[in-house]
Amino acid sequence: MRLSPRRRPPARLRVSLLAGAALASLSAAAFAQEADDYGDVEVEELVVSGSRPVGSVIGDITPELTLSPQEIRAYGAASVTELLEALSPQIGSGQGGGRPVILINGGRISGFSEIRDLPTEAIARVEILPEELSLKYGYPAEQKVVNMVLRPRFRATLAEGSVQTPTQAGGGETLGAHGARLDILQGRRLTVDGKANWTGGIEESDRNITGGEGAFRSLQARSNDVSLNAVYARPLYNGVSMSVNGLFEASDSESRQGLSPFGPEALLRNTERQTARLAASATGALAGWQWSTTGEIERGEVETDTDRASGGQAFLDTARTVNTSAQADLVLNRSFFELPAGQISTALTARASATELESEAVRLGAFQASDLSRTVGELRGNFDIPLTRDGEGLGEHIGRLSANLNLGVEQVSDFGALETWGYGLNWRPTPELRLLGSFSRSGEAPTMNQLGDPVTVTTGVRVFDLTRGETAEVARTTGGLATLDAGQKDVFKLGATWQPLDDVNLRFQANYVSSRTHDAIVAFPSASTQVEAAFPDRFTRDATGALTALDARPVNFALQARDEVRWGLTYSRQVGTPPTDEERAEMRRRFEAARPAAAPATPSRPPAEGGAQRTVEGRPAGEGPPAGSPAGEGPPPSGPPGGGPPPMLGRGPGGPGGGGFGGFGGGGPRSGVFQVGLYHTLALRDEVQIAPGLPKLDLLDGAALGSGGGSPRHQIQLQTNYSKAGLGVAMDANWQSATRIDGGVTGDDLKFSDFATVSLRLFADPGRQRWARDYPWLRGARATLSIDNIFDSRQEVRTGDGAIPITYQPDLLDPVGRTVRLTVRKLIF
C-alpha cells in the first residue's frame, strides 16, 4: 500500500529541458552563420618567437608530461572527462587538491563543464604541469595543471550509444545515449552536448548478503539522469576573446529502505536533483597587462521523500534544499623591473563569491528549516623572480634558477580572515633535469554546512563498534557545529623531473610532500577505542555497554601529519614502420578526393620576420614529427630533418584540421604507439593527534579515521596502452597494501587485506582499416569494449578470529563488482 502521495515536478523538468534545448539550438545557429561568413579556409602556419610551442602556458615551468594526438588516442578515451580519468595517475597530487586546473591553449576557462564533453580527436596536445604553475593563473598550488591545446580547425557531429552491465546476475545495468555537435574555426568554438542515462537498481536479494532484508533494501538505487551542455567561444576585437557556458542537469533516483511494518512492501526514498549553471570568461590585454576574468552563477535544488514508520504510524519525511552560488574573479599578469637574469613577472588575483543554502524538512511530522549564507572576498599575489639565465654569468655553471613568492588574504563573512603565503625555487641545472622546491601555509575555514547545518537524528544506522567487536544499530546525530575552529595547513614539497636520454621518450618523476594541519576540520571518524577515549561525550551506551547513540558532527583534530614520496616513470615509443613520403602523398590525395567540394583555400601565412619556426609537441624546430605522425594531425609539422618549408594543412575528411588515415590516423596502417606509466606512493608518516595531551594515532599502524581501515603504506598504479592502425588496448592496474584497525585491549582488531583491481579497454576504429576504403561511412566510427575490475576483486575485511563482520560483507562493500561496457560511437564530419 502507499503510505502517502509523492510530490513530482514533471512539468517543470520538461520546461527546463525544452528551454535548454532552445538555447543550444540558437547558439548553434549563431555559430553556423558566423562560420559561413569565413568559408572553408586553410589552416595558417602557426609561429612563435623562440621555441615555445603554440598554446603553451605562461612562465618558465616546463611540462612533466606532453602527449601528442597519437599518444592521446592510445588511451582509448572518447572525451576530455574520460581522458582525465585515464590520466589519473599522472594528474594525482599529494598536496591536498582535487580536480586539476584545466587550461585551453594556455588560457583560463570558465569552468570544467566548458571542456568536459570535447571529443579527444579535437585535441592537438596535452601538457601536464606541476602544482606550482597554478599560482600564475590565480589558483592555490594544490592541484596539477592540465593544458589542452586544441586543433585550429575541427567540425563533427557525434552520436553515441552504450550499455553496461555487471557480470554478476541481478540488476545494475546502465543504458546511455549521447549526442553532440562541435565546431572549431579560427578561434571560434561551439559545443552543444546532450546525454541521457538509465541505471537499474540492485537489491540485497540480488547479491550474497547475510542478515539483510532481501528485495526490500537497495544496494544501488535506480536512477535516471539527463544533461545539456552548450559552450560558445569566439575572439572579439583588439585581442579580446570570450566564452559562455550553459549547463543543465537533472536526475531522479529511487531506493528501497527496508521492509514496511504495514505490509509486504518496501519503504521508499525518492530523490530528485536539478542543477543549472551559467558561466562566462574573457581574456585580453590592456596597458601592458594581460588580463582574464571569469564569472558564474549556479543554482541546485534537491528534493527527497522518505517513507518512515515510527510508533505504529506511517510518516513521509520530506526535505528540500536549494543552493545558490555566484562567483567572479579577475587575474592580471605582467612582467616588469628588469633584472640581470630577466624580468620579474607577477599574477594578481581578486576573487569574490556568495553562497546561500536554504533548506526545509519534515521529519516524523516535525518541521525544521535553515537559511545559511556566506560571502568570501580574496586577494592574492604571485611574483616570479629570475635569478640566473641559461648560458650567462652564474647560469653558465648552474643553469636556470628562479624564485617564487606568493601571498594572499581571504575574508569569510561567517568566520573571519584567513591568510595564505608561500615561496619556492625552480631550478633547471641541465635541459634534462628540473628541480622544484616550495613551502606554503594556508588557513582553512569550516564550510558553511559544517558550521550551520541543522542537527538531525537518524535511527537504525549500522556501525561497527570496535570496543565490543560487534555491529550495532544506533541513533546517529548529524549536522553543523558552530564552535569549530579554523585549521592551518603547512605543505613542504621537493620535486624532480628527469629525462635522461634525448632520443628516448623516457621520463622519471619524484615528489616528496610533507604536510602538517593544525586544528584540522574533519568528519567524525569511525567508532574506534581511541576516538571514544578522546570524545567520550559523543558516544552513548546502555547499561550492558552496547552502543546506542553516536554524535557524528564534525570535529577539530589537534594535528594531522603526513609525509609521502611519490615517484614514477612514463615511457612512450613509436612502433611499426612510418609511411613513406609517397604513401603520405597518396593518403592526402585520397582524403582530398573524398572530402566535399570547398571554397578555395587561403594561402598559409609566412613565418614572421625574425621569428623561429615553432616546435611540434615540444621538439626543436626543424626536427619534424615522430615516426607515425600524419600530416594534419595536430599543429602542422615543421618539416623534415634538415629544414625545408612546412607542409600546408588542408581540410581532410576528419573535419577542418583533420587528416590521417580514416580521419584521425596515426601515420598510416603500419605505424602505432606504445606507452607505459608506473607510479609508486610510499607513505612515510600518517599520524593524527585528536586532542592535546593525547597520544598520536598512527594510521599506518592500527589507527583509522573512517570505516575503510587505516592508511596503506604502499600504493602502486600501472598503466599501459598500445594502438596501431585503428586498433588499440589500454590497461590500468591499481594496488594498495593491507591495513588494520587496532581494537585495543577490550576490542577486536579488524584486518583489511591488500587490494588490487585491473581494468581493460579494447577499441577499434573501423574507418582506419584498409578494407574500409570502399566504405566512407565508416570514417569516424569507433567501438569500445571496457571491462572494469576484470578479476571481480573486493577487499576482504576480517576480525582477529577470521570472521567477516556483517557490515563488511563483500557485496555490501561493492555490490557492482566487475562490469562490461560496450560503446558504439560515430563522428560525422
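A: Two strands are counted as paired here if DSSP finds at least two bridges between them, and the model to which this is applied is a predicted one. On that basis, an open sheet of 3 strands can be followed in the order β31-β32-β35, and its pairing is antiparallel. Because β31 (739-741) and β35 (797-799) stand at the edges of this sheet and each has a single partner strand, one side of each is left without a neighbour in the sheet. Direction ignored, neighbouring strands of the sheet are turned by 20° against each other on average. Within it, strand β32 (residues 750-752) runs antiparallel to β35 and is joined to that strand by 3 bridges, with F752 standing opposite V797 in β35.

A further set of pairings involves strand β3 (residues 123-129), which is mostly covered, since 7 of its 7 residues are buried, a term that stands for under 20% relative accessible area. Strand β1 (residues 65-67) pairs with β3 in the antiparallel sense over 3 bridges, and in this pairing L65 stands opposite I128 in β3. Strand β4 (residues 145-150) also runs antiparallel to β3, and 6 bridges join these two strands. In general, strands of a sheet pair through backbone hydrogen bonds, either parallel or antiparallel.

Methods: Residues numbered from 1 in each chain as written. Predicted model: local features only at pLDDT ≥ 70, side-chain atom pairs only at ≥ 80, totals over all residues. Heavy atoms only, no water. Buried < 20%, exposed > 50% of the residue type's maximum accessible area, 1.4 Å probe, protein only. Helix = DSSP H or I, 4+ residues; strand = E, 2+ residues; numbered from the N terminus. Axes fitted to C-alpha atoms, helices over the stretch in contact; angles between N-to-C directions.
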